[in-house]
Amino acid sequence: MSDLHALLHSTFGHTNFRANQEAVCHAATSGKDVLLVMPTGAGKSLCYQLPALARGGTALVISPLIALMDDQAAKLSSHGLKVARIHSGLSRDETRQACRDYLDGSLNFLFIAPERMRVPNFPEMLARRKPSLIAIDEAHCISAWGHDFRPDYRTLGEHLPALRPSPIIALTATATPTVQRDIVAQLQLGDPALFIHGFRRDNLAIEVVEMSKPRRHQFAATLLADPASRPAIVYAPSRKAAEELAAELNTAIKSGSTKKIAAAYHAGLEPSTRERVQSAFQSGSLEVVVATIAFGMGIDKADVRTVIHTALPGSVEAFYQEIGRAGRDGLPSRTVLLHSYADRKMHEFFLERDYPPATDLARVASVLTDEDLMPEPLARRLKMDLDTFNKAVLKLIGQNAATVDMAGNVRRLGDVTQAGSWRTGYESQIAFRRAQLDRMAAFADTQQCRMTALIRHFGDTADAHRPCGHCDFCSPHTTSAQTFAPPTTEQSRHLRSILRTLDARSTSTGKLHTDLALREASGRALDRRTFDVLLDALARAGFLTLTSETFTSKEDDREITYKKAALTHEGRQDNAHDLTGVLLPTTPESPNSAAKSRKPSGSRPSKASLKLEREQTTAAYTPAQRDLEDRLRVWRKAEAAKTGKPAFMVFSDAVMHSIVRTAPTTLPALLEISGIGPRIADIHGADIIALCREQHHIPILSPSAPAPITKTDRTTKGPTARPIPAHGKVLGAPANNPSSPAGAPYTPPAETFHRTRPTQPDPTESLTPDQLLLDEKLRTWRKSESERLGLPQFFLLSSSTLRAIVLLRPTTTAQLQTIPGIGPDKIEKFGPDILALCNA
């Protein structure tokens, strides 16, 4: 083994270790298992690279991000080291050569994606020559309690024992104490050395601003117009939002040349486009990347000055990881989180979508066996759509109740038919996800030092008391996302009343608001939101503390959380009533901003604020769009009433806004809308399309229109059933109904229609000659490609997906990604071949 200091200098050119690196490197070099939780940009990679070189041989590095894998491999190669990679973006010949080099012992590092461990005989190949060290990057992905769980990581624990006695080092930037324990258990780490520290980022100024959705893009453009705020990364909640914002930034920010300032980056783009955007951002020729929150970029750029979130992230862990991409060079940088109550509702909608009912999991569990079975026949047997089936399988995998092989075949683990073996864990998982949302919302709403709150969240209690000094709580006069000003005369009077009352006793903020009964100059009672703004200002100035307390209700034994206000030592001093250092926000959602700039944690926004946000969203609607929105709301309310659920459970206002703006008149166009997946399209697609076509006066049965999804009479069979939109009018029916007034639309009897799937004729019966030719070409390609890869044909393209490609004949990646069954991985692997056939 080599001397670590000498190796550090000779290989990497560094003269000294960064904080905490040396102890980690010594532990891993000596052969101990290690769990390292260290923030982004603190030098985690060196903590496995240096020990690997010191131990000699080949180190195996498991990483979930191709971009990150390629970036690290390129950097190691630049230091003269022999590195190989194996992932889906490489050719078969490149993969084979990497395996040969590994077995020859000529590599220093072999990077692999976690799914490679499911490839038949691949783990056995690795075991033929034991690695010198195993590094598992982004180790939080192994835990169902983390923010980015991946089933392929969950199976690593099965294969690692065959690669022992190599030491394992698990690395992550975001792991709570619960996730840390799960990583150790799942990877079967033996008495690991734990290094959990360094969450504080002294150069990051964190700001959190409550802002309605319509204002956020303009705000981002204004903030990033200052060259000092760039380079920057902006996180958007959807692919569509990322592309729209990138276009708006290029229009709003003038660079003095014709080059683009910003570009979108998400999983729906072609691999070559993503690579071009990443390279341009790394080199500095592109100054802003607008990325989806769900897509990890793996970008290692040191001089990012600003990170903006245009929506609330799903967890504090995700938020911390994403803001960690700013200021990795140690220079001052800023992060801005924009949020509102609507973001929380969006996440709740996604939670309902992504976590099927336990009854769905039980149905899927009932058909699993000890043999590997193809998912499509099982889904048909259950009369369940494939998307729901796959989600249920994914959740069973997360509960160690099922597993899949490389071909996508699924089998059970243990006695999966006993629901008790997985149901409790699944219900706990859903509750945990909701708790993550609660904690993220609490972080955004609570007035305290932002950095200190993050440090506490990750359990670093030794460093959880020192304020950062430059977040919007610690230093409101230096913020860039909002402005603060001294209190007005009226506000000062209210603030002093609060201080006098708390001097006698500490109390809950709700009781304090009720007891004081403060009034504005107009005589109107001071509302709770305005009152909380005053409390926040006193807390920011250090005159009082706001803490979360709980009590148990005597009526139903529920634990109820409330906020308690108490004066600090400074707040009890006589000069506290001078209100020195007290500042209140002045950047508004409306002219009277102080009353609306914050809301109490856990409370619902007022009807007035929701109405204001809706009015801001719809201000730019045309008369036709307003009419469509009204009809969609009426229809959505009626649909929700059928199930007894809230209207937003059909789809959210954000999704409705997208529908109104795009007015999709075909199923592929509808599926392009963020928030509309195959399940919603299958259930409600016909109704939505019918409403949108009515706006455009497009008859639903026009000869050139694609066949719509239909609602059919119980006695009607086959594709001749007449499509019936939810609002009652049958498009294409005679104008007059014998039993109704002249000119009235025909309305079928209530309760005589229900949604069924029409009996399918021979798949090739209704195809045109050109479609038949494309169908034959696609089937020939699928057969050849499946034989080359050694995979079942359905794993490449299912029959329904192949049929959809034939009917739509996509000519671009954007069109291809709208087809159900074509995800980012398949677009990356097979997209060019499919498009070549379609464009031929």
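Angles under 35 degrees count as roughly parallel, over 145 as roughly antiparallel, 65 to 115 as roughly perpendicular, and the rest as oblique.

**View 1. Helices H2 and H3 are oblique to each other.** This is a predicted model, where local features need pLDDT of at least 70, side-chain atom pairs count only at pLDDT 80 or more, and totals for chains, interfaces and linings use all residues. Residues are numbered from 1 along each chain as its sequence is written, and side-chain values use heavy atoms, without hydrogens and water. H2 spans residues 21–29 and H3 residues 46–55. Their axes lie 9 Å apart, at an angle of about 40°, so the pair counts as oblique. The crossing is right-handed.

**View 2. The contact between H2 and H3.** H2 contributes Gln21, Val24, Cys25, Ala28 and Thr29. H3 contributes Leu46, Cys47, Leu50, Pro51, Ala54 and Arg55. Contact means heavy atoms within 4.5 Å. By class, eight of these residues are nonpolar, two polar and one charged.

**View 3. Serine 492 in helix H20.** Helix H20 covers residues 489–504. Is serine 492 buried or exposed? Serine 492 is buried, because its relative accessibility is 11%. (Buried means under 20% relative accessible area, exposed over 50%, partly exposed in between, with a 1.4 Å probe and protein chains only.) Leaving out residues up to four places away in sequence, serine 492 touches Pro487 and Leu579.

**View 4. The setting of these close-ups.** The protein has 32 helices and 22 strands. (Both are DSSP runs: helices are H or I with at least four residues, strands E with at least two.) Of its 840 residues, 52% are buried.

Key: Axes fitted to C-alpha atoms, helices over the stretch in contact; angles between N-to-C directions. Left-handed = near helix turned anticlockwise from the far one by under 90°. Nonpolar A, V, L, I, M, F, W, Y, C, P; charged D, E, K, R; others polar.
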